[in-house]
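Subject: Structure handover

Hi,

Here is the structure I promised to pass on. My notes follow directly below it.

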Amino acid sequence: VPLLESGGGLAQAGGSLRLSCVASGSLYSFPTMAWYRQAPGKDRELVASLGRGGDIHLAPSVEDRFTISGDHDKGTLYLQMRSLKSEDTAMYYCAACRGGCSRGYSPDHSWGQGIRVAVST
């Protein structure tokens, strides 16, 4: 299912950004949507996920700073990022997961093209 991210950009440390994702097809086969990120030279990692039933997972590194929300039926997903740190700098990817979302990249998921987030100190 095609996914389109928006809302990235440059922020100062301590600032906020909000990412949005819209799915343009059916999510029937994808019970969970998620945000991943990949910093330069590092593997892609799961940041946050939101299940169709409302169950939420947040990575420990962001759980007190980021909020995930969305409407699975409408195919929308958001990531509100607060108190940004330089280590949050990465490409952020919206994903639709078949079953549970993996901790890293999986070819079984549908992926957006990614959107860049850069945090300056």
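Strands S3 and S8 pair in the antiparallel sense over 6 bridges. Strands here are DSSP runs of E, at least two residues long, numbered from the N terminus. Two of them count as paired if DSSP finds at least two bridges between them. Val22 has its bridge partner in S8, namely Thr76.

S3 also runs antiparallel to strand S1 (residues 3–6), with 4 bridges joining them. There, Glu5 has Cys21 of S3 as its bridge partner. S3 is mostly covered, with 5 of its 7 residues buried. Buried means under 20% relative accessible area, exposed means over 50%, and partly exposed is in between (1.4 Å probe, protein chains only).

A word on the basis: this is a predicted model, where local features need pLDDT of at least 70, side-chain atom pairs count only at pLDDT 80 or more, and totals for chains, interfaces and linings use all residues. Residues are numbered from 1 along each chain as its sequence is written, and side-chain values use heavy atoms, with hydrogens and water left out.

Next, the cores. A nonpolar core is a set of buried Ala, Val, Leu, Ile, Met, Phe, Trp, Tyr and Cys residues joined through side-chain atoms within 4.5 Å. The largest one has 29 residues, and Leu79, Met81 and Tyr92 have the most contacts inside it. Strands that each supply at least two of its residues include S3 (17–23), S8 (76–81) and S9 (90–97). Another core, of 8 residues, lies apart from it, with Ala34, Tyr93, Ala95 and Cys97 among its members.

What does Tyr92 touch, not counting residues up to four places away in sequence? Its contacts (heavy atoms within 4.5 Å) include Glu5, Leu19, Leu79 and Met81.

Now the aromatics. Rings of Phe, Tyr and Trp (its six-membered ring) pair if their centres lie within 6.5 Å; planes under 30 degrees apart are stacked, over 60 edge-to-face, and the rest tilted. The count comes to 3 aromatic pairs. Tyr93 and Trp111 are edge-to-face, at 6.4 Å centre to centre and 90° between the planes. Tyr93 lies in S9 and Trp111 in strand S10 (residues 110–111), so the pair ties together parts 18 residues apart in sequence. Both residues are buried. Tyr105 and Trp111 are stacked, because their ring centres are 5.3 Å apart and their planes at 20°. Tyr36, Tyr93, Tyr105 and Trp111 form one aromatic cluster.

Finally, Arg44. A charge sits over a ring if NZ of Lys or CZ of Arg is within 6 Å of the ring centre and within 35 degrees of the ring normal. Arg44 lies over the face of Tyr93, 3.7 Å from the ring centre. Its charged end also sits over the ring of Trp111, 4.7 Å from the centre.

Best wishes
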